[in-house]
Amino acid sequence: MTDDVEKQQKKADVRAYFAKVAPNYDTIGPRIFATLGEMLVERADVPRGADVLDIATGRGAQLFAAAEAVGPSGRVVGVDLSPEMVRETASEIARRGVDQAIVRQMDAEALEFPDASFDRVTCGFALFFFPSPERALEEFHRVLRPGGKVAASTWGDPDPLWAWYDELAKRHGVPGVNVGSGRFRTPAELETVLAQAGFVEVRTQLESITFVYKDEEEWWNRVWAHEGAITFANVAPDVLGRFKADAFERLRAVKQPDGLHRLARVLFATAVKAQ
């Protein structure tokens with residue numbers, strides 16, 4: 001398989017994954033992506049009246065926070081590879097009446113905007129999905145105005161207290177989702193790729209945020225709405241039942257009075273396009 005064919009296949013895999021999960025993405029359980037999207041927009045320091053591009057907008061985790069920041073005199077454009085995500089988010093924009101935001105289907109590695117079109121570019125938890133993240137970052141740089149800022153987020157190392165999930169899935173023969181690259185988990189890696197794309201004043205910050213599921217069923221329903229939509233599809237019901245029972249046993253052992261705590265390590269990065 002040639003490199004180009006392999007990259008196109010990866011995009012197809014990513015598109016297929018998000019087609020499955022789009023309807024319920026981040027709508028069950030704690031507002032993980034919405035909360036982290038708000039945090040990313042804060043770090044982007046979005047001015048009132050600004051033009052903002054949100055890459056891989058998904059269900060609008062950054063888009064809606066950015067729309068609030070720019071106000072009615074600004075503009076927010078969300079783009080996503082998945083037509084299903086675009087459809088869901090367009091409906092939500094209309095439902096909320098957010099006139100300063102629109103969403104379009106688009107490839108982050110080939111943005112359909114003129115040079116210097118935006119004051120800010122945001123990209124939450126998507127760089128590791130791109131077959132050519134270096135190319136995508138060059139596009140982010142191109143569409144930014146001089147002095148404009150990019151803000152991106154990626155996952156740091158996973159919570160070791162939840163390592164049992166992958167071990168349990170392997171034991172029961174439950175497959176994992178394999179559409180991301182696992183890259184950009186360290187500040188050094190993210191700083192390097194941003195600098196190589198031409199950005200200056202690169203800054204990274206690793207933060208730990210705890211999210212709480214109210215109970216085992218809420219956690220299970222969120223798993224179903226995300227990776228479970230694909231990974232559980234071909235698992236025999238009896239096998240899935242045993243997997244769920246074992247998972248719930250693990251969860252009950254660590255459950256706190258207010259629910260199930262899960263630590264998210266998040267790497268935030270900001271950088272500037274030189275004047």
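**Strands, helices and cores**

Modeller: Gladly! Strand β6 (residues 200–213) pairs with β7 in the antiparallel sense, over twelve bridges. One thing to keep in mind is that this is a predicted model.

Biologist: What makes β6 and β7 a pair?

Modeller: Two strands pair if there are at least two bridges between them, and β6 and β7 have twelve. Tyr213, for instance, stands opposite Leu260 in β7. By that rule β5 (residues 144–155) is a partner of β7 too, since seven bridges join these antiparallel strands. Ser153 has Phe268 of β7 as its bridge partner.

Biologist: How many helices and strands are there in the protein?

Modeller: The protein has nine helices and seven strands.

Biologist: How do you know that the span of α9 is close to what is expected?

Modeller: The expected span is 1.5 Å times one less than the number of residues. Helix α9 (residues 237–254) has 18 residues, for which 26 Å is expected, and 26 Å is what separates its first C-alpha from its last.

Biologist: Which residues of α9 are buried, and why do we say they are on the same side?

Modeller: The buried ones are Val239, Leu240, Phe243, Ala247, Phe248 and Leu251. They are on the same side of α9 because the arc they cover around the axis is only 165°. As a general point, an α-helix has 3.6 residues a turn, so residues three or four places apart point the same way. On the other side of α9, Glu249, Arg252 and Ala253 are exposed.

Biologist: What do the buried residues of α9 pack against?

Modeller: They pack against α6 (164–172), α8 (216–231) and β7 (260–272).

Biologist: Why is His172 called buried?

Modeller: Buried means under 20% relative accessible area. His172 has 16%, so the label applies. His172 belongs to helix α6, and among the residues it touches are Val239 and Phe243, both of them buried residues of α9. Arg242 and Asp246 are also touched by His172.

Biologist: And why is Gly176 called exposed?

Modeller: Exposed means over 50%, and the relative accessible area of Gly176 is 61%, so Gly176 qualifies. You will find Gly176 in the loop between α6 and α7 (187–196).

Biologist: What makes Phi of Glu201 worth a remark?

Modeller: Most residues other than glycine have a negative phi. Phi of Glu201 is near 50°, a positive value. Glu201 sits in strand β6 and is partly exposed, because its relative accessible area of 47% falls between 20% and 50%. Phe125 also has a positive phi, of about 55°, although it is not a glycine. Phe125 lies in the loop between β4 and α5, and its relative accessible area of 6% is under 20%, so Phe125 is buried.

Biologist: Which residues of helix α5 are buried, and what covers them?

Modeller: In α5 (residues 133–143) the buried residues are Pro133, Ala136, Leu137, Glu139, Phe140, His141 and Val143. Their cover includes β1 (51–55), β4 (118–124), β5 and α7.

Biologist: Which residues touch the most other members of the largest nonpolar core?

Modeller: They are Phe18, Leu36, Val76, Trp164, Trp219, Phe232 and Phe243, in a core of 58 residues. Helix α2 (residues 32–44) gives this core its largest share, seven residues. Apart from it lies another core, of 30 residues, among them Phe130, Leu137, Val193 and Ala197.

Biologist: What does Trp219 touch, leaving out residues up to four places away in sequence?

Modeller: Its contacts are Trp162, Trp164, Tyr165, Tyr213, Ala247, Phe248, Leu251, Leu260 and Arg262. Three of these names, Ala247, Phe248 and Leu251, are buried residues of α9, and Tyr213 and Leu260 are the residues that stand opposite each other.

Biologist: How do you know that the radius of gyration agrees with a compact globule?

Modeller: For 275 residues a compact globule would have a radius of gyration near 19 Å, and the protein has 19 Å, so the two agree. Its C-alpha atoms fill a box of roughly 60 × 45 × 35 Å along the principal axes. Of the 275 residues, 50% count as buried.

Notes:
Residues numbered from 1 in each chain as written. Predicted model: local features only at pLDDT ≥ 70, side-chain atom pairs only at ≥ 80, totals over all residues. Heavy atoms only, no water. Helix = DSSP H or I, 4+ residues; strand = E, 2+ residues; numbered from the N terminus. Buried < 20%, exposed > 50% of the residue type's maximum accessible area, 1.4 Å probe, protein only. Arc of directions from axis to C-beta. Contact = heavy atoms within 4.5 Å. Core = buried A, V, L, I, M, F, W, Y, C linked by side-chain atoms within 4.5 Å. Rg over C-alpha atoms; globule rule 2.2 N^0.38 Å.
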